[in-house]
Amino acid sequence: MMWTSNLPPFIPFFVAALLVLATRGWLRGAILVATPVLGGLHLWFDVSAGTGFSMSILDYELVLMRTDKLSLLFGYLFHIAAFIAVVFALHVRDTTQNVVGLLYAGSALGAVFAGDLITLFIFWELLALTSVFLIWSSRTRRAIFAGFRYLLFQVTSGVLLLAGALVYYQQTGSTAFNFIGLQGIAGWLIFIAFGIKCAFPFLHNWLTDAYPESTPTGTVFLSAFTTKVAIYALARGYPGTELLVYIGAAMTCFPIFYAVIENDLRRVLAYSMINQVGFMVCGVGIGTALALNGAVAHAFNDVIFKGLLFMTMGAVLYRTGRMNGSDLGGLYKSMPKTALLCIVGASSISAFPLFSGFVSKSMVMAAMIEEGYSYLWLMLLFASAGVFHHAGIKIPYFAFFAHDSGIRTKEAPWNMLLAMSIAAGLCIFIGTQPQYLYALLPWTVEYWPYDTTHVLAQLQLLFFSALAFVWLNKQGLYPPELHSVNLDAEWLFRKVMPASALYVYRTAQDAGNNLKRLMMMPLLGARTLFLRSPLSSYHLAASWPTGSMVLWIAVILGGYLLLDVIL
Amino acid sequence: MRKKNEKQYLFDKPENVTRLLRGFYIICAALFLVDFALHRHISVDWEKIPAFYALFGFVACVVLVLIAREMRKVVMRKEDYYDVDE
């Protein structure tokens, strides 16, 4: 068998995708589930840091596998995420989604184990090309257009990465993917490429646009991989880049305002995803061992709790066909288990003590204070309260409680419940036993989140945020859920830019017409003069219709023919 | 859809909601008071304010929601806003 320790982890996924294509029914299900399990066990038991594999194409060496603690951590994470997502989607009888799910997870693994920028680029583009099918799988008009817009952003990111990689090679003579930093044009090109996939402000709207349009199960896959690959890439290429602290702080704050007024609950989660990625970006930017550990640990936890939240909303969408807060409510009556699992996810993302978010977010916050960013720390604290507000309370409240929408449905199917329970179990396990996650973290640092100060401060913050929610609701100040679209950076791309392009086009067209008229004037003048002159009354000077010219040519040619016959 | 004579669920009874809220208020009050009994480590000046985290959490969320409400006046459009002209 090929189970050698230096088998690049993406290969089993790509092979399994082919097998899935050729099988049906329970066998296909078995392959789907077995792939992440066997791949994950293989990675855990057989692969240790330092294992490598590379392949030569022409004169170029592609490093398909570079393992250290950082890539291994994301490797484990992506196997867990793929397993949970596959179980959640086990009822789906759609070959496209089955195949693409595995290819997408495999591409993410390929990207985090890539040792050089060209290999990274290949998987970077594969991530885009595979994931877009998960959006298109909804097969609605909206999803198809959103998918194209998504692809536009992702491919731009890939092109920038390739351009950056080539300049980098030209400058340094190497394409090894290690620390890059913001030096020179290569550094910036790659930075922006990573930034697009990371959903930096103004480059973020592919995420809030496309994720909520995917299928109930597709969004679970989508939420796990793309942004986390980007965090991995930033942690590898740009640790300690101060600009990232400011970008990250902005990312934690601006989406929460949108999340409060957004009606589509999966779009609320998409905004809250940018907010969580913001904490990780801050951690990478601070760049101390504690901060970097916090960033990657938070990425690890976020995949699981954000996946859990997307799964509960997916289950609601699957059972009711609705996703707007204004149309839902009271679902705890028919889906009590899903409601409970949603509350576990909500507690984790809100960083309640004993849940997973707490043990990783507190690392980033602590590192921020240590490095003296006290104003930005205040912003992050604001964002922490805000997260609880929109993801921690709003999601479970408007879906499962609030006003009874009258919808009565069935509990989520068993495979969905199983996947959600695994994720919820991991949230609580990591939250209560963080030492196991900490042992996997790449940098060595002593940290323990559970002391009186941290726990008390966090509980006060969260309970009083909840108190604000209760008070605002009782006062009638809480913005009601309304059917609406909220303008975002998207507006620039979809309204301002097309409108300005149209304006430029129209102006150019007008200018062209004017120029033509200007050029025609002397010509027309000459013609008028000519027509006044006696020459114009000469028979041949008159303008003739084309038809008569053709007729005369035919007559002449006919004459030639006759002459030819006669002579 | 909802039927008559349907089973009464947990939060259908108003007294259960009241009970839940009362428990919640008691926890909030307790957390507020504990701040004066326990010693927190202070790393930033702001943390010296008594019950800083409680006050900050409450004010932050009220400010967040009030700003978001105002934001609606500027950014909210009809659901088909992007569907026309495309």
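Predicted model: local features only at pLDDT ≥ 70, side-chain atom pairs only at ≥ 80, totals over all residues.
## Chain B

Chain B has 86 residues, and 14% of them count as buried. Its secondary structure comes to two helices and one strand. Along the sequence, the order is α-α-β.

## The interface between chains A and B

On the chain A side, 41 residues are in contact with 38 residues of chain B. Four elements of chain A each supply at least two residues to this side: α10 (243–261), α15 (374–400), α18 (452–475) and β3 (485–486). The largest share comes from α18(A), with 16 residues. By class, the side of chain A that touches chain B has 27 nonpolar, 11 polar and three charged residues.

The two chains also pair through strands. β3(A) is joined to β1 (residues 76–77) of chain B by two bridges. These strands run antiparallel. A:Asn486 has B:Met76 in β1(B) as its bridge partner.

## Helices α12 and α16 of chain A

Two packed helices are described by the angle between their axes and the distance between the axes. For α12 (residues 289–320) and α16 (residues 414–432) of chain A, the axes come within 9 Å. They cross at roughly 150°. The crossing of α12(A) and α16(A) is left-handed.

On α12(A), the residues that meet α16(A) are A:Asn301, A:Ile304, A:Phe305, A:Gly307, A:Leu308, A:Met311, A:Thr312 and A:Ala315. On α16(A), they are A:Met416, A:Ala419, A:Met420, A:Ala423, A:Ala424, A:Leu426, A:Cys427 and A:Ile430. The contact divides into 13 nonpolar, three polar and no charged residues.

In soluble globular proteins, nonpolar side chains tend to be buried together. Here the largest nonpolar core has 203 residues. α12(A) gives the largest share of this core, 19 residues.

Which residues have the most contacts inside the core? They are A:Leu234, A:Leu308 and A:Leu309. A:Leu308 also belongs to the contact of α12(A) with α16(A). Leaving out residues up to four places away in sequence, A:Leu308 touches A:Leu341, A:Val344, A:Gly345, A:Met420, A:Ala423, A:Ala424 and A:Cys427. Among these, A:Met420, A:Ala423, A:Ala424 and A:Cys427 are α16(A) residues that meet α12(A).

Most residues other than glycine have a negative phi. Phi of A:Phe202 is near 75°. A:Leu354 has a phi of about 80°, also positive, and is not a glycine.

Where do these residues sit? A:Phe202 is in the loop between α7 (184–198) and α8 (205–210) of chain A. A:Leu354 is in the loop between α13 (336–349) and α14 (356–370) of chain A.

Are they buried, partly exposed or exposed? A residue counts as buried with 20 or more other C-beta atoms within 10 Å, and as exposed with 12 or fewer. A:Phe202 has 14 such atoms, so A:Phe202 is partly exposed. A:Leu354 has 14 other C-beta atoms within 10 Å and is therefore partly exposed.

A:Pro336 lies in helix α13 of chain A. With 14 other C-beta atoms within 10 Å, A:Pro336 is partly exposed.

How far apart are A:Pro336 and A:Phe400 in sequence and in space? They are 64 residues apart in sequence. C-alpha to C-alpha, A:Pro336 and A:Phe400 are 8.4 Å apart.

Conventions. Residues numbered from 1 in each chain as written. Chains lettered and ligands numbered in written order. Contact = placed C-beta atoms within 7 Å. Nonpolar A, V, L, I, M, F, W, Y, C, P; charged D, E, K, R; others polar. Pairing = 2+ DSSP bridges. Axes fitted to C-alpha atoms, helices over the stretch in contact; angles between N-to-C directions. Left-handed = near helix turned anticlockwise from the far one by under 90°. Core = buried A, V, L, I, M, F, W, Y, C linked by C-beta atoms within 7 Å.
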